[in-house]
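Dear colleague,

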Amino acid sequence: MQVGEPTKAARVVVLGMGGTIAGRAERAGDNVGYDAGAVPVEDLAAGLPVLQGRNVSFEQVAQINSKDMRLADLQRLVDRARVHLADPSVQGIVVTHGTDTIEETAYLLQTLLAPAKPLVLTCAMRPATAVSPDGPQNLSDAVAVATEPGARGVVVVCAGRVHGPHEVAKQHPYRTDPFDSGDAGVIAQVEEGRVRRFRDWPVAARRTGRVEAFLRASAMPRVVWLSSHADAQAWPVRALLAASPEQRVQGIVVSGTGNASLHTELDAALREAEAAGVRVVIANRNGAPPVPYPQQPFADIDGLSPPKARWALTLDLLEA
Ligand code: ASP
């Protein structure tokens, strides 16, 4: 064994969350119209050459379509990931997950845990029963990243590309390479089991200390995501403000058009919300970080996309 070569004795933990990678279609060969989250995580890895002779353990944390992700599922995942990360025998963790909300889970895990070991989320766009499923290769690539010497932090591995948790966004409903990392680009590529790295692994985020509060909470602060658009109006915000105190919204993320711009009507209503004590933050509808300008209607959170800004604001309010 050469110096720096991954040791096969070190354990890789594979946590299953469900998703298309674990999907089963009625008819073999269907790539849409399947049940996501049907095949046990252990079966997804059966026979993969990358796992031959490796010390691997499996745990089914959830078995769901990630569009239906609930707080309890995320809490269980954060908790199990934390336990395994703290185990000195564990080299890295792989999480099989649906593509629809994987970018939110990646952001949340990096934000709450900022792991010093690799915590690698992977997925598929075709169910396990497809004629040519993409899951087995993605899972193999994820194991390569999870056992890469020096790798750390939460990443999303799909179609041979390794995305960072802050940048990754699903941009296509069907392609087997549906993710993009915008101007930042991918962190690395996996080529025949080797990791070719282009930039640094993810670094710790600001909200790392909030994991205990996140795990304890029975519900998250109420944060909604609205968008500006042509003919946007004030009534959705006014309807939120009219809710009873226990249903009252605590935070609003608003997607701006272009560069964090808002329709005047919506802008005025959001200022009313802010005056009434609601935290309002802006993100770009196009997902790119806003370029700050003096009249920017509301502050953004670290240039995050709307779904990630929603989690960031939620965690801020959780601690408040
Ligand atoms: N709806 C599925 C999910 O997010 C899609 C996928 O995994 O590709 O679980």
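The notes below take up an annotated site and then the nonpolar cores.

This is a predicted model, in which local features need pLDDT of at least 70 and side-chain atom pairs count only at pLDDT 80 or more, while totals for chains, interfaces and linings use all residues. Residues are numbered from 1 along each chain as its sequence is written, and side-chain values use heavy atoms, with hydrogens and water left out.

According to an unreviewed UniProt entry, the annotation "binding site" covers Ser 66, Thr 99 and Asp 100, although such annotations may be inferred rather than shown by experiment. These residues are spread over 35 residues of sequence, yet they cluster in space, with a largest C-alpha distance of 7.0 Å.

Ser 66 is buried, at a relative accessible area of 2%, whereas Asp 100 is partly exposed, at 40% (buried means under 20% relative accessible area, exposed over 50%, and partly exposed in between, with a 1.4 Å probe and protein chains only). Leaving aside residues up to four places away in sequence, Ser 66 touches His 97, Gly 98, Thr 99, Asp 100 and Thr 101, where contact means heavy atoms within 4.5 Å.

In the largest nonpolar core, which has 49 residues, Leu 109, Leu 113, Leu 119 and Phe 214 touch the most other members; such a core is a set of buried Ala, Val, Leu, Ile, Met, Phe, Trp, Tyr and Cys residues joined through side-chain atoms within 4.5 Å. Because domain 1 (11-197) and domain 2 (220-318) both give residues to this core, it lies between them, the domain bounds coming from an automatic or database domain assignment.

With best wishes
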